[in-house]
Amino acid sequence: MRWTALLLVAVPWLLGAGEAEAARTKKAMTIAPRSGGGKGAVRYISSTLAYLDRGSADGLTVGRELSFTRSGRSVGTCVVDMVGQRFATCVTDRLKKGDRFSFPRMPELPPPEAPVTLATPEVLAARRAAVLSGAPRLVEFEARGDDVALHHVWVSLGTTAFGNSVGTGGPFAVTRLDVSARDVDLWRGLRFSADLSVFSSSDRSVPYRSPMAGAFTLQLRQLELGFHREDVPFRAALGRVWLRNTPGLLVLDGAQASFKVSEDLELGAYGGLLPDGLSLALSPDQLAVGAFGSLRVASGHGEDALVGLAAVRAGYAVRSVLGARFELGLAGHVYSGRALDAHLSADLGGGGTVDAPGFIDGARLDVGWRPMEALNLLLSTRYRGLNPSGVWELGAVSPGRRAVHADGTGLYQLVPGVQLALTAGVAADVEGEQVQGRAGPEVVFPTLFGSLGGLSFAYAEELGWLRGRSASGQVTLLGAGVARIVSRTTWFQQDQSGALLSDVGESLYVEVHPSDWMWVRASVSGRTALYATSDGSRTAGLASLQVGGQL
């Protein structure tokens with residue numbers, strides 16, 4: 001009787017405790033709506049969307065029209081097109097970050113429904129087998145490069161100190177400020193872009209052959225006011241313009257305008273002054289005018305898709321070294337899924353005081369081919385046809401001589417976590433008939449330390465008119481996505497008239513991202529000779545620190 005009485009008391013108590021625990025669990029799993037509701041703001045914007053800080057938990061639904069204010073004034077409405085629990089988006093190009101909106105408080109939500117009973121293990125196993133046996137469905141990606149609008153302003157401030165063991169070569173320091181703004185939307189498609197650097201250098205006791213040799217130097221790469229809207233086929237830019245679809249011509253102090261004849265065909269014209277190739281300073285005695293066009297052709301779908309892009313530029317230019325001439329620039333790009341991408345460009349010109357053989361100023365071919373998943377092959381060849389050139393790369397100290405360069409790399413993943421690479425290159429001086437080549441292997445363990453980083457070793461043999469060899473080892477450490485540390489040790493040996501001269505070097509690079517909008521970069525490197533030099537110098541090094549962020 002005693003045990004019967006205990007059971008009559010304990011069983012109802014246990015059942016009641018179990019029901020109470022289930023109710024508490026069910027309540028914890030239920031997302032409680034915000035009691036405040038009613039008001040919200042724009043957290044950030046893209047080119048076509050405004051992201052709101054309220055969602056379904058606050059009572060917002062798809063299709064709801066919201067009214068926005070800025071500093072107490074109405075700035076229009078937009079309709080909610082996507083809703084999450086704590087956020088929503090609406091389509092608009094008029095709103096700005098911080099704009100406010102309000103809406104009625106959400107009604108009381110009904111109690112959540114009980115969870116659906118899970119299927120039996122047999123049913124789950126059958127479903128899993130069906131999923132694994134089916135091929136994944138490919139989803140077409142239709143976005144175009146021109147449809148992506150960047151709205152970032154970047155600022156960085158850094159200083160670099162150089163020095164060696166002899167006073168005649170240093171030490172000295174260079175401090176630089178970099179500012180970059182890309183496609184900042186001012187109003188209804190009116191956009192502003194800029195890219196510039198300011199250098200401040202300490203005194204140097206020896207000649208310095210850089211375009212930034214002065215105590216204070218401004219290098220302006222872009223200062224552009226443009227117009228671009230996706231719903232308007234016309235596009236234009238004015239100022240120091242980064243030219244588009246004009247092979248062989250990069251920057252112009254003038255204007256560019258284009259019109260989209262169709263979704264895949266664009267035609268346009270350009271005209272203005274050519275900046276100095278070394279310092280990028282304004283150069284009134286150089287100019288370029290002409291027309292250009294670009295065409296896109298695509299066939300197939302998914303990984304079988306084949307995409308071709310072509311651009312052509314034809315114009316008249318006056319250059320300080322080459323004189324007045326006619327120029328033609330060609331570029332073609334081919335993409336075939338992940339298996340192949342190829343890029344060919346050629347610059348031709350003639351009629352001036354100096355012409356290249358065959359009127360070919362320069363040409364370049366880059367090919368990337370993945371014949372199998374584990375093997376990736378890269379090839380790059382370059383030809384320079386002009387010696388006293390006025391069309392070399394911006395900021396280059398010297399155009400160099402007529403030459404042919406070729407580089408190739410083969411990367412093979414032996415097993416997961418182990419990659420083997422073979423790199424080779426050759427450079428041939430067409431006029432002096434001097435040839436220099438290099439080749440060597442590299443082994444990479446990218447995940448040797450798991451998510452913390454990896455290790456790599458490389459060796460290269462130098463052949464040709466200047467023989468030598470080099471070896472290096474590199475350690476890369478990663479820290480939870482906010483830090484990156486790279487330490488690299490190098491050894492270099494050169495054969496000069498039968499004497500083997502060796503150097504060793506060490507470099508350390510640290511990059512830290514304390515937040516999404518800020519970075520800090522620091523590097524230290526040094527090199528020392530393992531032999532007695534004629535002037536007694538044995539070591540040289542530099543140290544740099546850079547702080548930057550996104551506004």
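**Figure 1. A nonpolar surface patch of about 560 Å² is formed by Leu-186, Trp-187, Leu-190, Phe-192, Leu-223 and Leu-225.** The model is predicted: local features need pLDDT of at least 70 and side-chain atom pairs count only at pLDDT 80 or more, while totals for chains, interfaces and linings use all residues. Residues are numbered from 1 along each chain as its sequence is written, and side-chain values use heavy atoms, with hydrogens and water left out. Patches consist of residues with over 30% relative accessible area and no salt bridge; like charges are joined within 9 Å, and nonpolar side chains (Val, Leu, Ile, Met, Phe, Trp, Tyr) within 5 Å. Areas come from the Shrake-Rupley method with a 1.4 Å probe, and for residues only the protein chains shown count as cover. At least two residues of the patch come from each of strand S8 (172-187), strand S9 (190-201) and strand S10 (216-228). Phe-192 belongs to strand S9 and is partly exposed, because its relative accessibility is 31%. Buried means under 20% relative accessible area, exposed over 50%, and partly exposed in between (1.4 Å probe, protein chains only).

**Figure 2. Six strands close into an antiparallel barrel in the order S1-S2-S5-S4-S3-S6.** On average, neighbouring strands of this sheet are turned by 40° against each other, direction ignored. Axes are lines fitted to C-alpha atoms, for helices over the stretch in contact, and angles run from 0 to 180 degrees between N-to-C directions. Strands (E, at least two residues) and helices (H or I, at least four) are DSSP runs, numbered from the N terminus; two strands pair if DSSP finds at least two bridges between them. Strand S1 (residues 39-45) is joined to S2 by three bridges, and a hairpin connects S1 to S2 through three residues. Tyr-44 has Tyr-51 in S2 as its bridge partner. Strand S2 (residues 49-52) runs antiparallel to strand S5 (residues 88-91), with four bridges between them. Across this pairing, Leu-52 stands opposite Ala-88, and Ala-50 stands opposite Cys-90.

**Figure 3. Leu-66 lies in strand S3 (residues 65-70).** Leu-66 counts as buried because its relative accessibility is 1%. Leaving out residues up to four places away in sequence, Leu-66 touches Leu-52, Leu-60, Gly-76, Thr-77, Cys-78, Val-80, Phe-101 and Phe-103; contact means heavy atoms within 4.5 Å. Leu-66 and Thr-77 are eleven residues apart along the chain, and their C-alpha atoms are separated by 5.5 Å.

**Figure 4. Asp-407 forms salt bridges with Arg-382 and with Arg-438.** A salt bridge is a side-chain nitrogen of Lys or Arg within 4 Å of a carboxyl oxygen of Asp or Glu. Arg-382 and Asp-407 meet at 2.9 Å, N to O. This pair links distant parts of the chain, 25 residues apart, with Arg-382 in strand S19 (residues 375-384) and Asp-407 in strand S20 (residues 403-415). For Asp-407 and Arg-438, the closest N and O atoms are 2.8 Å apart. Arg-438 lies in strand S22 (residues 435-445) and Asp-407 in strand S20, so this pair ties together parts that are 31 residues apart in sequence. Relative accessible area is 23% for Asp-407 and 34% for Arg-438, and Arg-382 has a relative accessibility of 25%.

**Figure 5. Asp-231 and Arg-229 form a salt bridge, with the closest N and O atoms 2.7 Å apart.** Asp-231 is exposed at 57% relative accessibility, whereas Arg-229 is partly exposed at 24%.
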